[in-house]
Structures are given as C-alpha cells and as structure tokens.
Amino acid sequence: RTMARVRRGAERALREAVAALRPARCTLAQTPSGTEAVHETTEEGNDALVQGWIRDDRPPFVIDPTITALRFDPADGDGAALGSIVIWGNHPEALGPDNDALSSDYPHFVRERMERRLGGVCVFFVGAVGGIMSPLGVQVQLPDGSRTREAGWAKARAIGEGVADRALAALAAPGARQLDRAALRFAARTVFWPLDNDKFYLAAKLGVLPRGFIEGRMRSEVGVLGIGPLDVLLVPGEIYPELLVGGIEQPEGRDFPELEPEGPPLYERCAAPLQATIGLANDLVGYIIPRTEWDRQPPYNYGAARPWYGETNSSGPAAAPAIHDALVELLERLPVR
C-alpha cells in the first residue's frame, strides 16, 4: 500500500511539473561537505575514515564528499527560485537502526532549508554510498554548540541543515557557474550480468524483489545525464566511490587474484569538467563492488575476522565491471556540446 501511494504521488508530481514548465536560468556549484579526513576506531574496534559527516569503515578508505547543487530561477528574473537539486553521497540513516518512523531522515532537513531560503521545490538525490558511506558513529555539532555521536532527530537535523548551508553558500559564491543556456544530454542502455546471490534469486522467484531475468542474468539500466558542464552518472545501486574517483586496491585475500581492476575511474572518462553520481537510479541492484576487492571467502581482505558486509547485499562480482563498461560506452557516445 505504501509503495502504491509513492508511485501515485510520483506520477502526480511529474504531471504537475510538466504542466508548470517555465524557461529558467540555472546556477551550478560543487563543494565538499568536509575537507579534513580523520581516522577513527569504530565501536567494534575497526579502523574507519570520517570526512564531512561521512564514515567509511571498509578499506580502502575512499570517500567522495562532494555536494553538487543546482538552483533554477525564472529566466525573466521575476520571483523566487523555481526549484533546486542537491546530490550527496551518504546513507540517509542518521536516525539509526532502531528508527521505526517512515521518514526521509536527514534529506528532509536538506529540502526544508533549501526551500525556505530559495523558494520552489528542492529534490535530494543520494550519490555514491557503497563502501559503506554512513553518518552512523560520526560526531556532529548541534546548534547549541554541543557535540554528539548519538543517532536521532537532532543528528539528522544537524547534518541536513549543514549540507543545505554548504550548498547554499556554494551557489552564492563567485565560483558558481551561471548557465543561461545549457545543452541537455541524455543516454541510457540496458545492461546484463550473471546473478551470484542466492538470496536475491530466491527473493525474486518469490516475488519479493519483482524483476525480470533472462536465462539467469541480472537485468538493469545505466544512464548518463549531461547538464552543460556537468556529467551525472545514473547508477542502479550503491556504487563504491573508488570506481568513480579512484583508489581501487588489490588486497591480499581477495577472491579473484587473477582479475585486474575495472579500468580508469569513471570520472576520468567524463568529458565534462564537473561530475556527479545519482545512485539507486531507476533500480536497486545492491552494492557495486570493485572485482579486485570482492571478498566472500576466507582469508578475508586486510586481515578481517569475518566476511565484509557489502557482498551480502550485492548481486555479484560481475555487477561492477558490467556497469562500469556500460557507463564508459555511454560517455563516449555523449560528448559535451
């Protein structure tokens, strides 16, 4: 019932948006949610890296803290902003694992502050969250100056409003790009790879995960959206940031020592000077893990005592190369104009 309500609401919102189309000017900016990277020890005694409200507790520690913000104003300069977009890679789970509220977590506070300051409607997109990028355990500063690691509404508000404030500051800074006219570019394609997760397969057969298979292969879609000087990769799952920005490793203990990394980082393959990623775009295929870091069998990477979490919720080691190669093909077909 809830998902049916979401689908009806999405369809209604799209119809209303198309009916209200107006010429607009776009302002585009990027800024990091944090520049200082700090190594910490998790509650379980493991190493982790924290940067800009994001914690990565699986080596190699690679975080993409970039906030991408777009503001759309009436072309005639009349009135408040028509809307805005914020893209940032961090799991919306600041409320913690015991949360039982139907909530958008910290993105609610991103949207609320953006709309209050600019006007219009703000849409938040989650970026690269594989690895696993999370606010859990991260210490944040609250409005009264105190600091907390505790999950809950105070933490969600502090992170959401903090992200919005940085996005707003970037949009107002001299370095923000004003796009009076910007070519829109889009390409997408269907992609297949072998499914290697018995739980996923069983859930699909039982109808819990409704999706189509062709001769046992996973079927999904990837895409690229170009907005002037920005290339946005549309990824159907939770991609590990090292596939985008670099830093893939080949640790001892990996399951496929004979395999090479997927190739150059995807952002290096983009022709546009700015890059962003929207995760969970059109599909949810689980974690997208570099194949040289895939680790389901002992001995475990980096001397870990037990299997890593990501593989449990991944469709298999073939997902990353299939998605990487399909995105490279689309980027080659979609040059900047």
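Visitor: Where is the place of Val208?

Guide: Val208 sits in the loop between helix H4 (198–205) and strand E12 (217–227). Helices (H or I, at least four residues) and strands (E, at least two) are DSSP runs, numbered from the N terminus. This is a predicted model, in which local features need pLDDT of at least 70 and side-chain atom pairs count only at pLDDT 80 or more, while totals for chains, interfaces and linings use all residues. Residues are numbered from 1 along each chain as its sequence is written, and side-chain values use heavy atoms, with hydrogens and water left out.

Visitor: Why is Val208 called exposed?

Guide: Buried means under 20% relative accessible area, exposed over 50%, and partly exposed in between (1.4 Å probe, protein chains only). Val208 has a relative accessible area of 59%, so Val208 is exposed.

Visitor: Which residues form a nonpolar patch on the surface?

Guide: The patch is formed by Leu202, Leu206, Val208 and Leu209, with about 400 Å² of accessible area together. Patches are made of residues with over 30% relative accessible area and no salt bridge; like charges are joined within 9 Å, nonpolar side chains (Val, Leu, Ile, Met, Phe, Trp, Tyr) within 5 Å. A salt bridge is a side-chain nitrogen of Lys or Arg within 4 Å of a carboxyl oxygen of Asp or Glu. Accessible areas come from the Shrake-Rupley method with a 1.4 Å probe; for residues, only the protein chains shown count as cover.

Visitor: Why does Trp53 count as buried?

Guide: Its relative accessible area is 16%, so Trp53 is buried. Trp53 lies in the loop between strand E3 (47–51) and E4.

Visitor: And why is Asp105 called buried?

Guide: Asp105 has 3% relative accessibility and therefore counts as buried. Asp105 belongs to the loop between strand E6 (83–88) and H2.

Visitor: What is the phi of Trp53, and what is that of Asp105?

Guide: Trp53 has a positive phi of about 70°, and Asp105 has a positive phi of about 60°. Most residues other than glycine have a negative phi, and most peptide bonds are trans.

Visitor: Which residues does a cis peptide bond join?

Guide: Pro59 and Pro60 are joined by one, with omega about 0°. Another cis bond runs from Gly131 to Ile132, with omega near 20°.

Visitor: With which residues is Glu115 in contact, leaving aside its neighbours within four places in sequence?

Guide: Glu115 is in contact (heavy atoms within 4.5 Å) with Gly120, Val121 and Cys122. Glu115 itself is in helix H2 (residues 106–118).
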